[in-house]
Structures are given as C-alpha cells and as structure tokens.
Amino acid sequence: MKKRVTALILAVITVMLAFSLAGCGGKGGEESSTKEKIKNESVSYGSEESRTSFTMGIDPEYPPFSYMGDDGEYTGFDVEVCKAVCDYLGWDFEVFGVNWDQKLIQLDAGECDCVWSGMTILDSMKESGYVISRPYFDNEQVLLVKAGSGFKSSKDLAGKDVAVQLGTSGESLLNEDLADLAATFGNVITCDSFLKCFTELEGNAVDAVFVDRPVADSYVAEHDGFVIIDEDLGAEQYGIAFRSGDTQLCALVEGAIDALVADGTYAEIAAKYEDIDEGNLIFLK
Amino acid sequence: MTLLNIIVKMSEGLGKTCAIFFLTLLFAIPLGMIVASLRGSRFKVISAVARAYISILRGTPLMLQLIAVTYGPYYLFGFSVSRNKLIPVVIAFTINYASYFAEIYRSGLDSMPVGQYEAAQVLGYSKMQTYFKIILPQVIRRILPSLTNEIVTLVKDTSMAFTVSYQEMFTIGKQIANSQTSFVPFVVAGVFYYVFNALVGFVMGRVEKRMSYYKI
C-alpha cells in the first residue's frame, strides 16, 4: 500500500513537471524576452568598422546557390558573391553550413552573421525583426516530375505524393497560400534536404518534388528523365537575412554588392551559372 | 498556434513513433535471441557470421543504416523506394537493435553457472526443456536492467526516422517549430519522450518485480 502511494505521488509530480515545462514554453512573454536577450548580445558585436571577418550561413546542399564543389570547397552563386563582397570590404570570408529548418535560430545564436543561400524573403521574418536585404532574385516554385509520367499540371497530381524540403518557402507555401492545392495531393512528404527529395522521386517513392525553379533547372540539366511542369505556383524573392539590429552590416553588404554590380564582377559570377537565369537577377535588370 | 494545437498536432505523430517502437521490440527481441544463439554455435562459420553481423550493426550509426535500408535497394538494384516508410524504418531499427539485444542476451547466458545444466540433466530434462524451463527465465530476469536501458534508448532513437522522411512525432515538431519560429514544440517533444520513458521504466520495473521469483 505504501509503495502504491509513493508511486502515485511520483506520477503526479511527473505530470505536474511536464505541464509546468510546457507552460513555460507557452508563455509568449518569457520566450520573446530570452530571444530579445540573445539578439541584444549579438548586437554587441560592435561597430562594423572593426569587423575583420564575416561568416556566411548557407544550406550546403542547395545548388546552384550554395553547395560543395568538386574540390570539396563550398561554392555556388551566393557563395561566390559573398566571397567577392568580403574581398571588397577586406573581411575574412567564412562559411557555416546551417541546418536549414533551424537557420534563424542559428543566426540568432551568432553561429553565422547572415543567412544567404537562396533564401526566400517571408513576411514572418520581417515581423520577427530580422533585417532583410533588398531582394536580389525573382524566384518561382515549380513541380518537378519524371519524364513520361504524364503529369502536365498541378491538377494531375491529385491524390499523388509530393516531396518538399523542410524549412523551405515551398513548405510554407503548401501550408499556407497553397494549402488548398496541397489538400488535393495524397501525401506531402518533408525531407531534410533536396537531394533526399530527388532521391525519393527517382526511386518512385513520390510523384513530384515542389522546389525552387533554379534548383529544379540545375537538377534537370544534370540528370536525364526529369521535367518541370510549366506552371508558376508561387512568385517570391530571395534576400539575405541579418540579425535584428544589424542594419549597418546589411547596408555595408548591400553597398558592396552595388559596387560589384557596377564594376561587372557580379555579372561575371552570374555568367558562370547557366542554371541561374540572368533575367531573374534583380540587380542586373 | 496555441500550445494545445501544437500538442494535438504532435500527438498525431506519436502514433507513428509508437509504431516504430513496438514493431521494433516485437521483431528485434526474438532476432536478438537468434543472433546470440548463432554466435554461441559450435559451428565456426555460423558463429563468425553472427559475430560479423553484431560487429557491423553495432559499429555503424543507425542513421546510416536507415539511409542504407531505405535508399540502398534503389541505388544497388533499381528497386523502388518504399512509399510506406514504416517498412524500411522498422527493418533498419530491428537489425540495429537486434545486435545490441544479442550481446545483452549473451551476457545473461554466459552468466549461468554450468551446475544448472548439469542438475537439469541429472533430473532428466531434455536440452529443450532445460533451455526454456530453467535457463531462459533466469536469463531474462538477469538481463532486464540492461534491456530496459536499451529500450529507453530506442524510444529516443525513434526521432532518427526523420532522416528518411518518416513523419513521426519529432518530424512534425520540427515542422511546427520552423513555421512558427518557436521552441515550444521541442519542449513538448521533450515532455512526450520523458513521459513515454517514464511509462517504460514503470512497466519494466513491474516486470522485474514479477520475475524476482527467479532471483538466486
């Protein structure tokens, strides 16, 4: 009997602990105050004149914007532009591969100074206080399917399985603006990288991948047997995210990009990436 | 999204987490016993194969095995990737956990005094009878604490199924965390795992007590 009472008390304590923990997390006030604290600390990186190095946060599996090149070094359009910006400003250039679905938390934690990797500007980022650069790329979301599958539009995919990368704007779109379309799909599968999404498609585990146009173009160029459904499902723009308060840093980087555009370096880099349509590069228009 | 919404959403994934957990236990415990028996086999080849199995499965990360089981058949033989991800996930978890269970089980078998076998023989028990009626119950009693340890780890390892896009509880938590830029789902996940393991601990404690009959 005594043991039963002890067990009961322990069970009650466990449940209470569980709820109090959950309660803490639920209180918006406390949460945002810690977030604020982290942000304030990161602001104390000080004035930008004394900056000597700059760490770029990328998704390391996002060709053609950021990926590991044949020589094992990170490369891609965004990476090369950032490298040129650092050269221009005299900073040491460093790359940090973020976990894409945690990118903003990692940015807040100071693991990188910006997120710059084919990142779609979302209203929620601005609302959360992040400093977002001027948009530099016009993107659209498309569906990639196997050639010969006969899918001609998003309507043909009713009841079919579609893969999307976790943490991408495509995933947000399917949850929000395109929720009605997503509801017609059989299953929406979230993968932790695009390469897995594509493997799922290759291996017939899904029928389509919902992905940014340049990523799809780059994949189709390198792999036979895939086609892009010609249907614009969501127009959006890429930008660079900085921590809140880093307006000065953002202005410096934007200024450097302007200089690179003016002296032609930017166009030179863009020319190296055939999969990136220059018509979509806003600064080159 | 309110806390309640988050909990409800994540609870939907909890069913899939439980599916991995129970199916893995169901298959891995018997498979572990078989591997342990093979490892102790008199035939050197069989014993060597079992040793190699344990060595490889214990020596490589579960995450890698999940990827290998899910995508390996496609890359090697061109088979389709399974649409129902529960199948490859349970296969990977089972073969991985069986290797650990086999070693735990062996430690129990090795700890049995030879006198027990001799006594059983004198009393006229057949080999099968000795094994199932005398040895096995005592072995189970002895290995329960290590088994509990491994089962608790299994609960937490289910989150690894995310690697192959199986939408279990933690995957859903990550999706919510991402769309809401909030840490709350991780706290909820922590509570879920803790409560799950508290239950496992409680049940295993009860089983241990039941089996204390066999205590020597």
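The model is predicted, so local features need pLDDT of at least 70 and side-chain atom pairs count only at pLDDT 80 or more, while totals for chains, interfaces and linings use all residues. Residues are numbered from 1 along each chain as its sequence is written, and chains are lettered from A in the order in which they are written.

Chain A brings 26 residues to the contact and chain B brings 24 residues (two residues are in contact if their C-beta atoms, placed from the backbone, lie within 7 Å). On the side of chain A that touches chain B, helix H1 (2-26) of chain A gives the most, with six residues. Helices (H or I, at least four residues) and strands (E, at least two) are DSSP runs, numbered from the N terminus.

Within chain B, the axes of helix H1 (residues 3-39) and helix H7 (residues 169-180) come within 7 Å and cross at roughly 150°. Axes are lines fitted to C-alpha atoms, for helices over the stretch in contact, with angles from 0 to 180 degrees between N-to-C directions. H1(B) and H7(B) are therefore roughly antiparallel to each other (angles over 145 degrees count as such). Among the residues making this contact are Ile6(B) and Met10(B) of H1(B), and Ile172(B) and Ile176(B) of H7(B).

In chain A, three strands form an open antiparallel sheet in the order E2-E3-E4; strands pair if DSSP finds at least two bridges between them. E2(A) and E4(A) stand at the edges with a single partner strand each, so one side of each has no neighbour in the sheet. Two bridges join E2(A) and E3(A), and Glu61(A) has Tyr67(A) as its bridge partner in E3(A).

Notes
Parallel < 35°, antiparallel > 145°, perpendicular 65-115°, else oblique.
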